[in-house]
Amino acid sequence: MSAHFLFAICQIGAEAALKNEVLWKHSDFRFAYSRPGFVTFRIPDDVVRDRKFELRGTFVRTWGFSIGKVSGTDGHQLARDFWKPLSERYPASVLPQFKHLHVWQRDRELPGDFGYEPGVTPLADAVGELILEHKPDVGTDWPLPLNEDAQEDDRILDCVLVEPNEWWFGWHRASSMETHWPGGVPQIESPDDMISRTYLKMAESLLWSELPIQSGHRCIEIGSAPGGSCQALLERGCLVTGIDPAEMDPLVMAHRNFTHLRAKAKEVKRNTFQKVRWLAADANVAPKYTLDMVEAIVSQPNVRIEGLILTLKMTDPELVSDIPLFNKRIRSWGYRQVRARQLAFNRQEVCVVATGLNPPVVDETSRDLE
Ligand SMILES: C[S@@+](CC[C@H](N)C(=O)[O-])C[C@H]1O[C@@H](n2cnc3c(N)ncnc32)[C@H](O)[C@@H]1O
């Protein structure tokens with residue numbers, strides 16, 4: 001029987017962190033191969049047969065079961081080669097169970113460097129079209145949308161362009177939110193007047209976490225300048241307070257639902273947080289300092305913040321091994337669900353979302369209205 005492999009996608013430079021956390025959780029996996037942003041593991045047979053298997057990890061942007069790889073310079077030949085092992089492995093009647101085709105390139109740069117942002121590229125779309133051109137005839141109608149978000153439980157064919165002329169392919173089932181998106185990157189429409197790329201981070205964290213943040217909810221961000229993430233929250237109709245000693249962008253300042261407290265978090269009056277439902281922190285300080293600041297707020301007797309969206313800066317690679325301790329500390333504040341992910345739009349940082357605090361006892365209707 002041939003060996004089975006799995007591939008995982010991460011940010012460039014996060015390969016070691018990803019490898020360590022995967023091998024720590026799955027001691028029967030064997031590291032096989034890696035390129036920047038792309039890591040493969042040899043996996044036991046039973047993992048492939050396990051319908052419920054999901055690869056989860058802070059640094060796992062997305063993943064798939066590997067089927068093979070092809071390389072060459074003739075795109076049509078590569079596209080035909082993409083289908084060969086699939087047609088050998090699955091009868092024609094089974095192939096239509098694959099509901100989507102996702103094609104993407106591994107990251108070229110750290111997100112934000114040289115204007116680079118992760119996501120589906122024109123090359124990836126062109127390769128996808130080529131693959132579809134060579135789709136085998138299965139004797140029935142088989143729509144196979146390219147690079148669209150999948151639905152829960154859909155089976156997806158994956159093609160990772162590790163190099164433009166080196167395609168690795170496989171499949172996965174859409175389970176956790178990021179596995180619905182091509183390459184684990186949400187397709188976010190940024191506004192023309194986007195204040196900063198932190199807009200993308202906040203938009204992704206909201207999509208990934210599925211926090212029920214709604215229009216009229218009060219949110220606070222610590223470390224809010226110049227205002228990209230506040231812009232994303234304001235767009236959703238939230239009532240936003242930004243805490244930052246630095247200047248905010250005039251666009252945010254002019255928004256009627258925005259308040260700027262020009263101060264450091266610890267200088268702000270404690271009653272500021274009393275009617276707040278959601279707290280974000282994105283201060284450029286070490287994780288311990290961010291957690292100290294947030295703990296001082298959430299441990300106040302009259303404060304009941306339902307959810308936290310914390311950006312923890314991995315200022316030192318050694319901090320990666322402390323992520324479980326950070327999560328444990330956040331749980332000790334009463335949040336039952338704490339999840340960490342290096343978002344596709346994060347740089348050397350991770351996003352931690354905490355939820356599951358007991359329902360607030362205050363009157364729901366009065367606190368969201370202006
Ligand atoms: C990465 S920037 C924040 C970007 C911002 N979230 C946005 O969307 O544009 C970090 C900010 O943290 C702020 N900061 C650092 N320490 C802080 C503190 N103790 N309290 C509040 N803000 C702080 C800095 O002034 C800086 O503007």
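Q: How do you know that strands β1 and β3 pair, and in which direction do they run?
A: Two strands pair if DSSP finds at least two bridges between them. Here six bridges join β1 (residues 4-9) to β3 (residues 38-43), so the pair qualifies; the two strands run antiparallel. Leu6 stands opposite Phe41 in β3. The strands themselves are DSSP runs of E with at least two residues, while helices are runs of H or I with at least four, all numbered from the N terminus.

A word on the numbers: this is a predicted model, where local features need pLDDT of at least 70 and side-chain atom pairs count only at pLDDT 80 or more, while totals for chains, interfaces and linings use all residues. Residues are numbered from 1 along each chain as its sequence is written, and side-chain values use heavy atoms, leaving out hydrogens and water.

Q: What makes β2 and β5 edge strands?
A: Each of them, β2 (30-35) and β5 (98-105), pairs on one side only. They end an open sheet of seven strands with mixed pairing, in the order β2-β3-β1-β4-β7-β6-β5.

Q: Why is α8 called roughly parallel to α9?
A: Helix α8 (residues 287-298) and helix α9 (residues 323-331) pack at about 5°, their axes 11 Å apart. Axes are lines fitted to C-alpha atoms, for helices over the stretch in contact, and angles run from 0 to 180 degrees between N-to-C directions. Angles under 35 degrees count as roughly parallel, over 145 as roughly antiparallel, 65 to 115 as roughly perpendicular and the rest as oblique. That places α8 and α9 in the roughly parallel class.

Q: What makes residues of α8 and α9 count as meeting?
A: Contact means heavy atoms within 4.5 Å. By that rule Pro287, Lys288, Leu291, Asp292 and Glu295 in α8 meet Phe326, Arg329 and Ile330 in α9.

Q: How do you know whether Cys159 and Cys219 are buried or exposed?
A: Buried means under 20% relative accessible area, exposed over 50%, and partly exposed in between (1.4 Å probe, protein chains only). Cys159 has 0% and Cys219 has 2%, so both count as buried.
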